[in-house]
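My entries follow the structure.

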Amino acid sequence: MLAKNRIPSSGHSTPSPPASPLRSPRYRHGRKSGRFSPFQPGRTIAHRLAWLLLSVLLRRQGIFLFAPLIYISGMLLYMGTVSFDVVPVVKHRPAAGSVYRSPQVYEKLKIDMNGDNSSADAIWTIWKNSYKKGEWRPCVNKSFEGLPESNGYIYVEANGGLNQQRTSICNAVAVAGYLNATLLIPNFHYHSIWRDPSKFKDIYDEDYFISALKNDVRVVNKIPEYIMERFDHNLTNVYNFRIKAWSSIQYYKDVVLPKLLEEKIIRISPFANRLSFEAPPTVQRLRCLANYEALRFSSPILSLGETLVARMKERSANSGGKYVSVHLRFEEDMVAFSCCVFDGGEQEKEDMKKARERGWKGKFTKPGRVIRPGAIRINGKCPLTPLEVGLMLRGMGFDNNTYIFLASGKIYNAEKTMAPLLEMFPNLQTKEMLASEEELAPYKDGCHRLYSLPS
């Protein structure tokens, strides 16, 4: 009797196809033993479990449901992306130049560096005056012509440290001269890091500044009363321009000048790096005039500076009174702002994080801002450490007998970072070594302008 189809038909009976041959592994592999056993000698536990699972699937004829899964698993095992063993950890090498390795370089060079101390000829070549007969010539010609009527007053608030403030003064002179405006003596922002309340006249000779520029740019230290009355005698009420960094001089002519003519006085705050380096010769001339002619330190600072120079010449008498003055830009704020990573580990990371938040409150933690210290280092934007400055000077030919005057603010982690520089140049001097406490006392409170390594 024929077996009936399990699927009901429409009333017609159809003979069932002949039975398929049995596909159980025990028939294919059981010719010798008569029955397949997953527990044959020499098989691992993994093999036994796999064969047992396969046997059950074949017996139940569920292979067609699990075939895709088994195929994919087999391919993954074959390609090695999945393994029952421990997956090896792939270590990525940092890009060349992205990691601070100067301490390792110094250790390799130290022996040869200490053994080579015969660079007197190189030093005299470096110190040789490039001008004939040693005469320095002025690069800016002063004007002796009169000035036309002023278009109004410009008041700027310079921010940042000494270098940024000096740049701001020169840029303010250039902008005022270009717009034929009268410049009010710039004001310095009080910064939370330096905490220096010094005014323009505390650092520079104000009267000399005004006099040196009188034929090129009008400079005053006070706004006329009739104008200040309009603003309740408060300069913060004056219209303030928020100008983008590195703006062109043409922007000042097109945007700032019309408002100046309308208000007769404008304020620009902050005013650090607000003028492009690329400018017409007339603008560059005013910059140079301010920097090299008009800006002269105030009498107390100038007097102490001359004293320090005289004492450095005395101590470096063996080299003809010649010495090197170095300004290290490795203060905590400079290191923090650069976002570079050195060899200070977790402590350095925490110090820099606090310094950035203390000085710039949220600037470096804005959503979407990504800091890549490695890329910054590759691009050459990391400040030189004291060690790297020392390596550079030794490479230039200055031996360990060279006298160096160190002009710097409070060096970050000075005890560690200054040690290699002192090894390379033991004759390193600071203002504390050259001047008495009485001489330095007037500059202890509030004025950071006489830089040095802290004692």
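**Cysteines**

I searched the whole structure and found one disulfide, taking a disulfide as a pair of cysteine sulfur atoms within 2.5 Å. This is a predicted model, in which local features need pLDDT of at least 70 and side-chain atom pairs count only at pLDDT 80 or more, while totals for chains, interfaces and linings use all residues. Residues are numbered from 1 along each chain as its sequence is written, and side-chain values use heavy atoms, with hydrogens and water left out.

The disulfide joins C340 to C382, with S to S at 2.1 Å. I noted that C340 sits in the loop between α13 (332-338) and α14 (345-360), and C382 in the loop between α15 (373-378) and α16 (386-396), 42 residues apart. Helices here are DSSP runs (H or I, at least four residues), numbered from the N terminus. The S-S torsion is about -100 degrees, so the disulfide is left-handed.

Both C340 and C382 are buried (buried means under 20% relative accessible area, exposed over 50%, partly exposed in between, with a 1.4 Å probe and protein chains only). I also looked up C339, which is in no disulfide; its nearest cysteine sulfur, that of C340, is 7.5 Å away. C339 is buried, at 7% relative accessible area.

**Helix α14**

Which residues of α14 are buried? I listed E348, D351, M352, A355, R356 and G359.

How values were computed
Helix = DSSP H or I, 4+ residues; strand = E, 2+ residues; numbered from the N terminus.
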